[in-house]
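Subject: Structure handover

Hello,

Here is the structure we spoke about, for you to look over. My notes are below it.

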Amino acid sequence: MAHTAGATRKDGWPKQAVARGALTEALLREAEDEAAATKRELAEVLVRNGTLTEEQIAQCTAEAAGLVYLDVRDYQIDAKALALVPEPVARRHTLLPLYRIGNTLTVATADPWDAVAIDAVRLGARLPIIQSVVASRSAIRQELERHYGHQVVEDAATTPPPARRPKAG
């Protein structure tokens, strides 16, 4: 089954920010010009200039995609869901597995339109349905570090050390 994020295009989040009153048309045009001139992402320019926060951008992205915004720093992540997605896949695509219900895995992403990332998770988790919610990129990275970093420590604590060979004398 294919993953679908709302019908709105990827560039719809700035319009949501203007509609919410978080951004004016003039500030948007200025930021777009700066992004084009510096070859940076619009979101990066707006955050760097202090015009919007990453959370505001994530909220507008969720609205534009017709998805739910979630502050993953306040969410209890299911360890079994985390184990379904290999750490390198989660880190490479900045995706955080949250929970599984049946054959559906729900993940947090900053870019719900990234079909390559969703497909990588689908293959890694071996589940046919991946459902997205939107979170800020920095919050996802923070939780990836906290949860996968914790998993590495747990694995090290429960895995016996390799057998040592006797020294040849």
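The notes cover a pocket, an aromatic pair and some salt bridges.

Please keep in mind that this is a predicted model.

The largest pocket holds about 660 Å³ of space. Its lining is made up of 24 residues, and those closest to the centre are Trp 13, Glu 41, Ala 43, Ile 57 and Arg 137. Helices H1 (13-20), H2 (25-38), H3 (42-48), H4 (54-65) and H8 (137-158) each give two or more residues to this lining. By type, the lining of the largest pocket has 12 nonpolar, two polar and 10 charged residues.

There is one aromatic pair. Tyr 75 and Tyr 99 form it, with 6.4 Å from centre to centre and 35 degrees between the planes, and the pair counts as tilted. Tyr 75 sits in the loop between H4 and helix H5 (79-84), while Tyr 99 is in strand S1 (residues 95-101), so the pair links distant parts of the chain, 24 residues apart. Tyr 75 is partly exposed at 26% relative accessible area, and Tyr 99 is partly exposed at 29%.

The structure has nine salt bridges. One of them joins the side chains of Glu 87 and Arg 91 at 2.6 Å, N to O. Both residues lie in helix H6 (residues 87-93), four residues apart, which is about one turn of the helix. Another joins Asp 71 and Arg 73 at 3.0 Å; Asp 71 is partly exposed at 23%, as is Arg 73 at 31%. Arg 40 and Glu 34 meet at 2.9 Å, and a network of salt bridges links Glu 34, Arg 40 and Glu 44.

Regards

Methods: Residues are numbered from 1 along each chain as its sequence is written. This is a predicted model: local features need pLDDT of at least 70, side-chain atom pairs count only at pLDDT 80 or more; totals for chains, interfaces and linings use all residues. Side-chain values use heavy atoms; hydrogens and water are left out. On a 1 Å grid over the protein atoms alone, a cavity is a set of points where a 1.4 Å probe fits but cannot get out, and a pocket is an open set with protein on both sides within 12 Å along at least five of seven lines; lining residues have an atom within 4 Å of a point. Grid points are joined across faces, edges and corners, and a volume is the space filled by probe spheres set on the points. Ala, Val, Leu, Ile, Met, Phe, Trp, Tyr, Cys and Pro count as nonpolar, Asp, Glu, Lys and Arg as charged, and the others, Gly among them, as polar. Rings of Phe, Tyr and Trp (its six-membered ring) pair if their centres lie within 6.5 Å; planes under 30 degrees apart count as stacked, over 60 as edge-to-face and the rest as tilted. Buried means under 20% relative accessible area, exposed over 50%, partly exposed in between (1.4 Å probe, protein chains only). A salt bridge is a side-chain nitrogen of Lys or Arg within 4 Å of a carboxyl oxygen of Asp or Glu.
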